[in-house]
Amino acid sequence: MTGQGWAGDSTPPHPAAPRPQKPSSLVRPYAVTGGRTAPRMKFAMEALVSSVTSEYQDISLLSPEYQAIIQLTRNVRSVAEISALLRQPLGVVRVLIADMASEGLIRVHQPALDAGKPDLNLLERVLSGLRRL
């Protein structure tokens with residue numbers, strides 16, 4: 001059976017094709033935030049974020065993380081969505097977004113909760129959507 005394929009033919013077996021490797025970041029998440037784990041301002045992970053910069057503004061001098069967040073927030077996105085799309089931990093993204101908001105690069109739109117009470121209309125819509133699944 002030496003040198004034969006599965007069906008007993010004499011063609012050499014094909015080696016497995018190498019899987020494409022995703023480029024991994026050489027920078028650890030804690031290095032991106034300067035070791036900070038708490039954001040400067042408190043906001044919920046469902047808070048919406050939008051970019052304040054225009055498409056024509058030069059952002060090439062900003063860090064790659066800031067550039068990525070600005071590009072993502074040209075369309076309004078939640079903090080959790082940004083974290084997922086960047087494949088970065090939520091805590092790291094919160095710190096970056098808080099820094100960017102304090103620098104005036106992005107705007108954070110907090111959900112309107114009345115004294116900690118959730119919006120009943122929103123809860124009913126979520127429940128209705130879950131029932132339809």
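A salt bridge is a side-chain nitrogen of Lys or Arg within 4 Å of a carboxyl oxygen of Asp or Glu. This is a predicted model, in which local features need pLDDT of at least 70 and side-chain atom pairs count only at pLDDT 80 or more, while totals for chains, interfaces and linings use all residues. Residues are numbered from 1 along each chain as its sequence is written, and side-chain values use heavy atoms, with hydrogens and water left out.

Q: Why is the contact between arginine 77 and glutamate 81 called a salt bridge?
A: The N to O distance between the two side chains is 3.0 Å, and the definition asks for a nitrogen of Lys or Arg within 4 Å of a carboxyl oxygen of Asp or Glu, so the pair qualifies. A search of the whole structure finds one salt bridge.

Q: What makes glutamate 81 count as partly exposed?
A: Buried means under 20% relative accessible area and exposed over 50%, with partly exposed in between (1.4 Å probe, protein chains only); glutamate 81 has 34% relative accessibility and therefore falls in the middle class. By the definition of buried, 23% of the 133 residues of the protein are counted as such.

Q: How are the elements of the protein arranged from the N terminus on?
A: Helices (H or I, at least four residues) and strands (E, at least two) are DSSP runs, numbered from the N terminus. The protein has five helices and three strands, which follow one another as α-β-α-β-α-α-β-α.

Q: Why are S2 and S3 said to stand at the edges of the sheet?
A: Two strands pair if DSSP finds at least two bridges between them. Strand S1 (residues 48-51) is joined to S2 by two bridges and to S3 by four, both pairings being antiparallel, and the order in this open sheet is S2-S1-S3. Strand S2 (77-78) and S3 each have a single partner strand, so one side of each lacks a neighbour in the sheet.

Q: Which residues stand opposite valine 49 in S2 and S3?
A: Valine 49 faces arginine 77 in S2 and valine 108 in S3, while leucine 48 stands opposite serine 78 in S2.

Q: What makes a group of residues a nonpolar core, and which members touch the most others in the largest one?
A: Such a core is a set of buried Ala, Val, Leu, Ile, Met, Phe, Trp, Tyr and Cys residues joined through side-chain atoms within 4.5 Å. The largest has 19 residues, of which Phe43, Val49, Val79, Ile82, Ile97 and Met100 touch the most other members. Helix H2 (64-72), helix H3 (79-86), helix H4 (90-102) and strand S3 (106-109) each supply at least two of its residues, and the largest share, six residues, comes from H4.

Q: Which residues is isoleucine 82 in contact with, beyond its neighbours within four places in sequence?
A: Contact means heavy atoms within 4.5 Å, and isoleucine 82 meets Val49, Ile69, Leu72, Thr73, Arg77, Val93 and Ile97 in this sense.

Q: Where is glutamine 110 found, and what does glutamine 110 touch?
A: Glutamine 110 is in the loop between S3 and helix H5 (120-132) and, not counting residues up to four places away in sequence, touches Lys42, Phe43, Ala44 and Ala47. With a relative accessible area of 39%, glutamine 110 is partly exposed.
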